[in-house]
Structures are given as structure tokens and as C-alpha cells.
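Here is my note for you, written as numbered points. Keep the model open beside you and look up each residue as you go.

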Amino acid sequence: MPYATPAMAEALGALIRCYRTEAADREAYDIAWVKDRDSPVDTINGFIEVYLDARSVKGAWGSMVFYVNHAKTDAIRALARHAQWFEDHMPWTRSTASPA
């Protein structure tokens, strides 16, 4: 928490309350998590996906942490800036027909 951005700290605080008290705070975590668009680290933590249980009662547990790799992000942005060049130089002809 001391290293989290304010938006991430809000989300993590709600998640901690959810684990300590009741599931109602999970909604507060989800809302805060969706609002956080600027933190360099992202985390998803908790019970997810009930589709493996035929009764849709037991959820799988998931915990993931992601971070921004600035070097790779810059490379992908450079590629995206030149996407039209790559499209124009594809080894097949461009179709003008509408997709079905």
C-alpha cells in the first residue's frame, strides 16, 4: 500500500476490507479497480469464473499482477503508428467486398 498510487490504494483497501469483513466490499473493489487507468502496476485478486462448477456455486481463485514494461510498450506503439504501412504492403490484394 505505501507504494501504490492513490487509485490503486483505494482499490486495494476495498479488497482488504472484503477479505476481512464481507463480500459487499468486493463491489467497491471492482468499481475502484475499473476507475484506475493510470497505475503502473495492476492486480486482479479473488474468486472468479464459476463455469467449471456445474452448479455455478464454486468459483476458481485467481491472482495476477501486471506491470508496464515501458520499452516494450514504446515498441508496440511505434509498430501501431506504422500499421497502415504494414497493411499496404501485405502480400495479398485488398478486397473491396463487404464482409458477409
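1. Let's begin with one residue. Phe86 is partly exposed, with a relative accessible area of 36%. On the scale used here, buried means under 20% relative accessible area, exposed means over 50%, and partly exposed is in between (1.4 Å probe, protein chains only). Phe86 is found in helix 4, which covers residues 83-88. Helices (H or I, at least four residues) and strands (E, at least two) are DSSP runs, numbered from the N terminus.

2. Before going further, a word on what you are looking at. This is a predicted model, in which local features need pLDDT of at least 70 and side-chain atom pairs count only at pLDDT 80 or more, while totals for chains, interfaces and linings use all residues. Residues are numbered from 1 along each chain as its sequence is written, and side-chain values use heavy atoms, with hydrogens and water left out.

3. Now for the rings. How many aromatic pairs does a search of the whole structure find? The search finds 2. Tyr19 and Trp61 form a tilted pair, 5.9 Å centre to centre with 40 degrees between the planes. This pair links distant parts of the chain: Tyr19 is in helix 1 (residues 6-20) and Trp61 in strand 2 (residues 60-67), 42 residues apart. Tyr19 counts as partly exposed because its relative accessibility is 43%, and Trp61 counts as partly exposed at 47%. Trp85 and Phe86 form an edge-to-face pair, at 5.0 Å centre to centre and 90 degrees between the planes. Trp85, at 48% relative accessibility, counts as partly exposed. As for the rule, rings of Phe, Tyr and Trp (its six-membered ring) pair if their centres lie within 6.5 Å; planes under 30 degrees apart count as stacked, over 60 as edge-to-face and the rest as tilted.

4. Stay with Tyr19 for a moment. Leaving aside neighbours within four places in sequence, Tyr19 is in contact with Asn45, Gly46 and Trp61. Contact means heavy atoms within 4.5 Å. Tyr19 and Gly46 are 27 residues apart along the chain, and their C-alpha atoms are separated by 9.2 Å.

5. Next comes charge. Side chains of opposite charge can pair when their charged atoms come close. A search of the whole structure finds 1 salt bridge, which here means a side-chain nitrogen of Lys or Arg within 4 Å of a carboxyl oxygen of Asp or Glu. Asp30 forms this bridge with Arg26, and the closest N and O atoms are 3.1 Å apart. Why are Asp30 and Arg26 separated by about one helical turn? Because they are 4 residues apart in helix 2 (residues 24-35). An α-helix has 3.6 residues a turn, so residues three or four places apart point the same way. Asp30 is partly exposed, with a relative accessible area of 32%.

6. Helix 2 deserves a look from end to end. Its buried residues are Asp25, Arg26, Tyr29 and Ala32. Seen down the axis of helix 2, these residues fall within an arc of 125 degrees, so they line one face of the helix. The arc is that of the directions from the helix axis to the C-beta atoms. The buried residues of helix 2 pack against helix 1 and strand 1 (41-48). The face turned away from the buried side carries the exposed residues Glu27, Val34 and Lys35. Arg26 touches Leu15, Cys18, Asn45 and Gly46, not counting residues up to four places away in sequence.

7. Ala4 and Val41 are 37 residues apart in sequence and 8.3 Å apart in space, C-alpha to C-alpha. Ala80 and Val41 are 39 residues apart along the chain, and their C-alpha atoms are separated by 23 Å. Ala4 is found in the segment before helix 1, whereas Ala80 is in helix 3 (residues 70-81).
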